[in-house]
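Work through the exercises below with the model open. Each task is followed by its solution.

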Amino acid sequence: MFILGLGGSIHDFSACLLQEGEIVCAIEEERLSRHKQAFVDASTFRCKAARYCLETAGITEKDVGLIIGGDNIESRYYAKFGPRIRLMNHHLAHAASSFYPSPFTEAAVLVADGRGSYLDKPGKIVETVTYYTAQGTSIREIQKRQGLESADFRNVSNSIGLFYLAVTEELGFGPMHDDKTMALAAYGTDRYVEAFRAFYSMDDEGGFKQTLGQLERQREYIRAELNGAAREAADSSGGYAAKADLAYAAQYHLEEVLIRACRYLYAASGCENLCLAGGVFSNRKAVSRLLKEIPFKRMYIPPTPGDAGTAIGSALYAHYVLGGHTRRVPPMPPVPSVPPATTVPTVPTVPPESPVLPAPSVPPAPSVPLAPSVPPAPSVPSVPPESPVPPAPTAPSVPTEPSAPSVPSSRDSPYLGRDYGEEDYARAVRTYREQLEEIPAAGNPNRAVAELLVEGRIVGVFRGRSEFGSQSLGNRSIVADARSARMKERLDAAKGREAFRPLSAAALAGDPWLSADPGMAVPYGCRIPRQIKGERISCVPAILQADGTADVQAVTAGLSTGLTSLLEAYRRLADSSLLVNTSFNADGEPMVETPEEAIRCFLKLGLDYLVLDNRLFTKR
């Protein structure tokens, strides 16, 4: 049976098509509307992502047996499906998006975001944090924390996500840009850490408490500090140091709160495995600390932990719980013993070749209108007792990082978009034939690209199915040599990025230039800060952050054959597989989805070369 899952809330809309428990296709609305985060607007009712999934599978809505989505999705997004859609709790959809694709038969699940489903809509009471335990196909709630929505919809009490978002907005980044606050924090000091303690409290029972008054005082405090810093600034920085210090305080307290929440959940659940979901866990720095400092032995985070991922969660929930199907999980390797933590070498605050960091601009935050709801859809019934899980067949072994599943299934793979055919590529090339020149690659574009990279060229890569989520993993990527001192400045200029934001990287799992992280094995498919070995810190200036780490996606053949082959070809020339791997898009735009968009973006950004499937191009 086909199941169509819808995701999002008032932003990050998405769709996922499931057939017999396997994902046929999944896409975020922003890739099709070409509006970043796909905030609700006049086009929301079109639900382009659902149409994309159906067309990819070659079916129509009549062939879909069940349509399901979260009950906090803007009603215009699912209005075209009318009474057919079933609605489920938002946090439960998040939990399902992490537990069901995970390699665990049982786990504790923590969901934290800005706000979830209404628990009392007239009273403006929403869920903010939910703790679960999961086994087989059953996901059961341990406890749920709730908050009060402000009259203007802007603030929510007792919300870890809103605590952090308030800082992001007051720093001038606007909504949905918490990643910029996280990046800026690397250049801050602990000047405001103590002051921030007055804005919330956290108990040992998983309770994050922040009143609407405290949240408003937090905003006022930030505005006052920034205004004072701007007046005192003797240059055009606009109080850059104060902005960095405020970001540092927000990041510090976010990490402390999440560590305490996870420690509570470990004691309350009795589980050794942890699944995380919700937009809060898009914060890579926080996840990195969790890996080292919480008592769980294994952790899993889906490639898309935010609201878009609930399309996958709701579809899988419908398959397992409403459909009554048994969940089979491949056996996991044993948990490796953890070596004692080693001393991290001292790292200069900023590499000498790094550009002077400008103060971030402060644009006005866009308002998000609320729309009237369509008649309510039927709710999803409570979770029945779990079905017994029979032993899973032994899967062939593929080398991976410890504790990672060997080969991704469709539920675990990030490559869920449409696979464009030869005619799609040919049509795009014909459209831009006056501006493109094909370069013979002797049947091996990865080797040709690796040679170009060591020469200092920047290459856009477009091939295969697009990645679901914000991380580019070799199919919609811009790649470059991480050893180049000028590469970050060149890419920042091309993409219009702020200098304080780090470039991400990809490397083969076990790359010798990366230090082994103490604590749990890195979750499969999770890009987090990794320590660069002391003697190699000066070798990769393009990806090095202020603390001596780099945001690295560890790649295995099971994750991506194409990206693995490119990294292997590059390693043979550069002694390391560490490669700049940033998303194929201009700043403020979604990643490219079609071959035509890839060519347009290639020409717009002024990249040196473009890989289209297995063909290599440059500009005429």
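**Exercise 1: a ring and its partner**

At 3% relative accessibility, Phe296 counts as buried; buried means under 20% relative accessible area, exposed over 50%, and partly exposed in between (1.4 Å probe, protein chains only). This is a predicted model, in which local features need pLDDT of at least 70 and side-chain atom pairs count only at pLDDT 80 or more, while totals for chains, interfaces and linings use all residues. Residues are numbered from 1 along each chain as its sequence is written, and side-chain values use heavy atoms, with hydrogens and water left out.

Task: classify the pair of Tyr266 and Phe296.

Solution.
1. Rings of Phe, Tyr and Trp (its six-membered ring) pair if their centres lie within 6.5 Å; planes under 30 degrees apart count as stacked, over 60 as edge-to-face and the rest as tilted.
2. Tyr266 and Phe296 are 5.1 Å apart centre to centre with 85° between the planes, an edge-to-face pair.
3. Tyr266 is partly exposed, at 27% relative accessible area.

**Exercise 2: a second pair**

Task: classify the pair of Phe173 and Phe500, and say whether these residues are buried or exposed.

Solution.
1. The centres of Phe173 and Phe500 are 6.0 Å apart and the planes 45° apart, which makes the pair tilted.
2. Both Phe173 and Phe500 are buried.

**Exercise 3: charges over rings**

Task: which rings have Arg418 and Arg476 over them?

Solution.
1. The criterion is NZ of Lys or CZ of Arg within 6 Å of the ring centre and within 35 degrees of the ring normal.
2. Arg418 lies over the face of Tyr52, 4.4 Å from the ring centre.
3. The charged end of Arg476 sits over the ring of Phe462, at 3.7 Å from its centre.
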